[in-house]
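I opened this notebook to keep track of what I looked up, residue by residue and chain by chain. The entries follow the order in which I went through the structure.

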Amino acid sequence: MHGFRWVIVALSLCVTVGAWYFAQENVEQKRRGQFEREADRVRQLVVERMQKYEDALWSGVAVVDVLDGDIAYGAWREFAESLRIDERYPGIHGIGVIEAVERSELPAYLEKRRRERPDFHVHPVHEQDDYLPITFIEPEADNKSAVGLDIAHEANRYQAALHAAESGRAQITAPIVLAQDAQKTPGFLFYAPYYLAARAPRTDSNAEDDGPTFAGMVYAPFVFANLMHGILAQETRYVSLGISDGTDALYDEHLPTVADYDPDPLYSRRDTLAVYGREWTFDIRSSLSFRNAHQTQQPILILIGGILIDGLLLGLFLAISATNRKALSLADAATAELESKTAALKESNQELEHFVYVASHDLQEPLRMVGSFASLLHAEYGGQFDAQGERWLGFMVDGAKRMQSLVQGFLAYSRVNSTEMDTAGPVEAQQVVASVLRDLEPELEESGATIEIDNLPAVHGTEDQLRHVFTSLLSNAIKFRLPGTSPSVRIEANSDRTMCTFTVIDDGIGIDEKYADRIFVIFQRLHGDDAFQGAGVGLAIAKKAVALQGGTLRFESNPGDGAAFHFTVPLARSTPNPPRIVSSRKAQGAPV
Amino acid sequence: MIQTEPIEILLVEDSPGDVELIQHGLRRGELHSILHVVNDGEKAMEHLESWSVGPDGKLPDLILLDINLPRMNGHEVLKKIRENELLRAIPVVILTTSDHKGDVMNAYNEQANAYIQKPLDAAAFIDVIRSLDALWLTMVRLPPQ
């Protein structure tokens with residue numbers, strides 16, 4: 001496979017991975033943003049709800065202030081009912097009043113409260129100086145166990161109460177278990193302190209000024225699970241929440257039993273928030289519905305799609321490579337087969353040529369004996385034969401001569417062979433033609449032929465083979481002239497980029513084109529011995545010589561109107577084409 | 001220039017017909033020559049070597065050598081003659097039916113004095129032999145014995 005194909009596949013893979021990465025990043029960014037908003041919203045809900053409860057407490061404080069601390073059971077119930085707790089403050093267990101009672105004032109306090117509720121008592125017994133009994137809690141039916149409960153008996157409740165008293169701000173307690181919660185789940189109390197000016201100054205040493213004195217707190221008890229249920233019930237959430245105060249867990253949704261629990265949340269975060277004197281840690285995690293809502297196949301689809309395309313690309317390239325390799329190996333095999341066949345053919349041709357040569361040569365020896373002694377017999381003993389003997393001797397001599405001519409033809413034909421092409425090079429056609437015309441001078445003179453020659457180029461081949469061609473064509477042009485005329489022959493040359501076409505045109509007897517196939521076959525003759533002499537090898541040799549040089553030989557003719565033989569041969573290499581010369585000249589030695 | 005001594009010719013030729021034609025041709029000539037005939041290359045070499053060490057040490061004045069010979073061909077015979085100090089001066093005329101270019105070139109490279117192709121026609125053959133006779137026996141100054 002080519003290098004560039006690997007580069008394309010690698011680049012494509014990079015693009016795929018890049019696209020996947022950026023899609024992933026994009027999705028991740030969006031999803032994280034969504035989580036953060038959800039987390040902020042849930043935290044905000046809790047904070048806002050706590051503020052709402054605080055407002056309710058302060059409204060309680062306002063009622064106490066209006067009544068100047070002298071609250072009647074019925075008045076508080078009326079106020080509590082007006083708050084419509086079930087409706088407006090879901091999650092709250094009730095709203096009540098805790099009064100600060102000094103030890104000395106306890107009997108008066110108890111007496112006052114027993115006037116309204118005879119069974120009222122403060123419990124349990126403790127060792128603090130002050131009492132902080134829960135005077136009212138509405139709705140009382142749900143909070144019966146809290147009525148009269150002295151919150152000073154327990155450290156968490158008491159500490160927060162002291163903080164509230166000192167700071168004047170709303171406070172919540174550390175996690176406690178409410179007396180009224182049968183399930184014993186975590187809860188807390190939410191206090192809002194109130195102060196009364198009319199009260200006698202405090203006697204304890206901590207009193208710093210003569211300002212209003214801490215007189216009690218409006219409070220609300222919370223069971224955390226209920227609170228959260230109240231806050232979050234109506235919300236569609238994509239996060240689960242856990243709240244802890246220090247190491248104490250207040251609330252925890254991160255449990256396998258919770259429907260929307262995600263054991264391996266996509267995101268989580270922990271915020272610590274100051275909430276009315278406590279530090280609450282919010283542990284917010286994405287839930288299963290978040291995971292489902294943000295389930296996106298886009299990046300993975302991009303990745304799979306991209307890899308699939310890359311795979312196809314790779315497969316395609318591999319297939320192309322395999323096909324190429326196969327084609328190359330097929331081509332190699334075909335070339336090798338062709339080469340071996342060509343070599344075998346060449347060898348077989350050479351063997352045949354050698355056989356023809358040897359056979360002709362060996363035939364010639366005995367033939368020469370027959371011919372020689374027949375003619376010697378005729379010359380020296382001719383007188384001793386009768387007429388029939390003389391005639392028979394004549395047939396013998398004639399037959400031997402004809403046989404010799406055929407064998408000579410064979411020899412000449414076999415000598416035009418491919419091994420001669422090993423010596424091929426540039427040959428000046430002009431010089432070859434001049435030399436052929438010198439050899440044919442007796443025939444030229446005898447026939448009175450006129451020869452016209454173009455300027456002929458140098459061609460690629462061997463001088464001998466070109467000579468065979470011109471000898472054959474020119475001697476035929478002279479030989480096959482119209483009876484009683486002097487032949488007129490013209491040699492033309494036309495070159496294109498690589499080949500030269502030579503044409504030998506005569507005005508002789510012409511050739512019927514139906515013999516086109518026969519005239520180039522060895523020993524094929526169209527005329528009886530008496531009319532035109534010849535063994536019938538000239539054109540066969542010419543055709544073979546032209547073919548060996550990579551050209552073709554053909555003719556055009558109308559019987560009785562001359563013939564034109566065209567043959568092509570390659571131009572000599574690295575020799576520029578000579579321009580065709582239009583003017584012509586008479587051949588040397590040709591009679592005018 | 002009239003030759004008084006008959007010259008001696010060694011003809012190395014395996015074809016009895018050719019031997020006959022050559023003898024016929026020489027007989028037609030005016031001049032006196034003695035023709036020794038051997039019909040293969042090895043016999044030719046034996047003949048030449050025994051001749052050269054014979055009592056009178058007489059060598060042929062001219063050798064007519066065919067190329068296609070049994071046992072040792074004309075090229076080999078010519079090579080051995082030219083390598084032998086005693087024989088190398090003897091003129092050698094190749095007389096053969098072969099007109100193969102390679103044969104002609106080899107013969108001259110091996111220092112043949114002439115290469116003649118046997119004519120196909122009997123009369124022409126006889127003419128060639130008579131011309132040979134006339135050239136070598138009358139005009140050519142042969143190396144002295």
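Entry one, a buried pair in chain B. I began with B:Lys118 and B:Glu13, and I noted that both residues are buried; I also note here that the model I am reading is a predicted one. The two form a salt bridge in which the closest N and O atoms are 2.8 Å apart. I then looked up where they sit: B:Lys118 belongs to the loop between strand E5 (114-117) and helix H5 (122-139), and B:Glu13 to the loop between strand E1 (7-12) and helix H1 (16-28), so the pair ties together parts of chain B that are 105 residues apart in sequence.

Entry two, chain B as a whole. I counted 5 helices and 5 strands in chain B, and reading along the sequence I found them in the pattern β-α-β-α-β-α-β-α-β-α. Of the 145 residues in this chain, 49% are buried. When I took the contacts between residues at least 6 apart in sequence, 67% of them joined residues at least 24 apart. For the accessible surface of chain B I noted about 7,300 Å², with 52% of that belonging to carbon and sulfur atoms.

A:Glu28 and A:Arg31 form one, with their closest N and O atoms 3.3 Å apart; both lie in helix H1 (residues 3-66), 3 residues apart, which is about one turn of the helix. A:Glu28 is partly exposed at a relative accessible area of 28%, whereas A:Arg31 counts as buried at 17%. The other joins A:Arg368 to A:Glu365, where the closest N and O atoms are 3.0 Å apart, and these residues lie in helix H8, again 3 residues apart and about one turn of the helix. Here I noted that A:Arg368 and A:Glu365 are both buried.

Which residues form a nonpolar patch with about 240 Å² of accessible area together? I found A:Leu13, A:Val17 and A:Ile307 on the surface in this patch. A:Ile307 is a residue of helix H8, and with a relative accessibility of 44% it counts as partly exposed. I then turned to A:Phe385, which is found in the loop between helix H8 (298-381) and helix H9 (387-415) of chain A. A:Phe385 also counts as partly exposed, at 35% relative accessibility, and, not counting residues up to four places away in sequence, it touches A:Leu377, A:Glu390 and A:Leu393.

How values were computed: Residues are numbered from 1 along each chain as its sequence is written. Chains are lettered from A and ligands numbered from 1 in the order in which they are written. This is a predicted model: local features need pLDDT of at least 70, side-chain atom pairs count only at pLDDT 80 or more; totals for chains, interfaces and linings use all residues. Side-chain values use heavy atoms; hydrogens and water are left out. Helices (H or I, at least four residues) and strands (E, at least two) are DSSP runs, numbered from the N terminus. Buried means under 20% relative accessible area, exposed over 50%, partly exposed in between (1.4 Å probe, protein chains only). Contact means heavy atoms within 4.5 Å. Patches are made of residues with over 30% relative accessible area and no salt bridge: like charges are joined within 9 Å, nonpolar side chains (Val, Leu, Ile, Met, Phe, Trp, Tyr) within 5 Å. Accessible areas come from the Shrake-Rupley method with a 1.4 Å probe; for residues, only the protein chains shown count as cover. A salt bridge is a side-chain nitrogen of Lys or Arg within 4 Å of a carboxyl oxygen of Asp or Glu.
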